[in-house]
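Dear colleague,

Please find below the structure that I am handing over to you, followed by an account of what was found in it.

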Amino acid sequence: MTSVSQRDSFTGKYGFIAAAAGSAIGLGNIWKFPYITGVYGGSAFIIVYLICILLIGLPVMLSEITVGRRAQKGVFGAYKNLAPGTPWFFSGYMGIAAAFLILSFYGVVAGWTMEYVVKALTGAFSGKTPDEIGAMFGGFIGQTAKPIFWQIGFMSLTCFIVIAGIKNGIERYSKILMPVLLVILFFLCARSVTLDGAAKGFEFLFKPDFSKLSSEAVLAALGHAFFSLSLGMGTLVTYGSYVKKNESLGPLAVHITTADTIIALLAGIAIFPAVFAFGIEPAAGPGLVFVTLPNVFQQMPFGSFFCVLFFFLLAIAALTSSISILEVVVTHLVEDFRVSRKTATIVTTLVITLFGIPCSLSFGVMSEFKFLGANFFDNVDHIASNFLLPLGGLCISLFVGWKMARKDVEDELSNGGTLGTGYLTIFLFLAKIVAPIAITAVFLHGLNII
Ligand code: TRP
């Protein structure tokens, strides 16, 4: 067990950026962002999303990293350490709940990407029409055993890596592979935008029509800003606790946010021109990426090879995210209950995987099982992403803005006075006032109260 004095730390700046970016960049960028952009009507949704990233996501991210490094603890320990005897730490329980819920459906979708590696390897897409590729996806996720098999496979991998520990486990995997994913994404964009009929996709992406923007869409944009940046759960509090004392936190937060946002936008550019070129329904839902991209790969030189590589790297991107989610729960159990790391990891994985099974079945035998008009999978996603994460984010920004002393925040951001922190005032303004008001307003608006 690691004690505070001998905590692991990331080796250098690249280690933390790689791990935090590995956490942030995942299915959220490449699967979820395009699919909800499609559902909520395109460009106007994207603009609201970008505003949420800038005014809320960025300050909340910096708040999480700051609290983590200051306290040298995961989220519970951090609140208890910095504000002993106060109930702030309760917000950690929301983070734990969010981690459970998110990882349960995340493992399902990550399992789909593994199945797609195999499909691509065996040439299942070659010569197929867009309709056939669509039907293939529907047929696959509608099954009972196969998607669950892949989900269990993915969750086992996640479990294995978390048991291996922070440095060996997380850092090694994310450093090399993400740049390759980025390169393939560029190729995909280049191919997609030159397809016949791609222009409509541009219109969808870049010509906003705010009259169609629902209050639900605004709430989803906020929720996704948290989801995509890995915020509101305590992930980056934990990761922040491993950042060395001589790193400058402000620029770190800006770099991660920028990288994450660029990848999501690239995924959008890779997907929507193709969606229109192939006559796919933009609001197709969670299958959007899986039914669109195999078509694009078919139109590319060495397409089958790139298709295998793409879904493989997407699975890896999902893995570097899922380990960060599992880590939230494991760190809590290890630090606050003194459970061994191995036991904590295995038990948590088991429970989450079990809870993920009905998520998977939502597309098959449980598709009629609806609550508030949505299936089990969607409800789990909505509760976690649109409520728990923004609430967690609200707490951490209030904590940094109002509870921590300004001089302590300044001390942490300036590494004990050795760095300039010209952005401190604007950061505190965002954390104290803008982010909390905006989160509250979006909540009330989403609930149709204002
Ligand atoms: N950000 C990841 C993605 O986009 C998912 C994720 C990892 C996450 N850790 C998180 C979401 C913590 C919320 C909170 O795929």
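A nitrogen atom of the ligand lies 2.7 Å from a backbone N or O atom of Phe 227. Please bear in mind that this is a predicted model. A backbone N or O atom of Ala 24 is 2.9 Å from an oxygen atom of the ligand, and an N or O atom in the side chain of Tyr 106 lies 2.5 Å from a ligand oxygen atom. The protein buries 100% of the 370 Å² that the ligand exposes when taken alone. In total, 17 residues surround the ligand; Gly 28 and Ser 230 join Ala 24, Tyr 106 and Phe 227 as the closest of them.

I turn next to the packing of helix α5, which spans residues 90-121. Its axis and that of helix α7 (residues 145-163) come within 7 Å and cross at roughly 105 degrees. An angle of 65 to 115 degrees counts as roughly perpendicular, and α5 and α7 are therefore roughly perpendicular to each other. On the α5 side, the contact is made by Leu 103, Ser 104, Gly 107, Val 108, Ala 110, Gly 111, Trp 112, Met 114, Glu 115 and Val 118. The α7 side contributes Lys 146, Pro 147, Trp 150, Gln 151, Phe 154, Met 155 and Leu 157. Sorted by class, this contact of α5 with α7 comprises eleven nonpolar, four polar and two charged residues.

Helix α5 also packs with helix α4 (residues 75-82), at an angle of about 170 degrees and with the axes 8 Å apart. Because angles over 145 degrees count as roughly antiparallel, α4 is roughly antiparallel to α5. Here Val 75, Phe 76 and Tyr 79 of α4 meet Ser 91, Gly 92, Tyr 93 and Ile 96 of α5. By class, the contact of α4 with α5 has five nonpolar residues, two polar residues and no charged residues.

With kind regards

Methods
Residues numbered from 1 in each chain as written. Predicted model: local features only at pLDDT ≥ 70, side-chain atom pairs only at ≥ 80, totals over all residues. Heavy atoms only, no water. Axes fitted to C-alpha atoms, helices over the stretch in contact; angles between N-to-C directions. Helix = DSSP H or I, 4+ residues; strand = E, 2+ residues; numbered from the N terminus. Parallel < 35°, antiparallel > 145°, perpendicular 65-115°, else oblique. Contact = heavy atoms within 4.5 Å. Nonpolar A, V, L, I, M, F, W, Y, C, P; charged D, E, K, R; others polar. Near = heavy atom within 4 Å. Polar contact = N/O pair within 3.5 Å; in protein donor to acceptor, adjacent residues only side chain to side chain. Areas by Shrake-Rupley, 256 points an atom, 1.4 Å probe, with all protein chains shown as cover.
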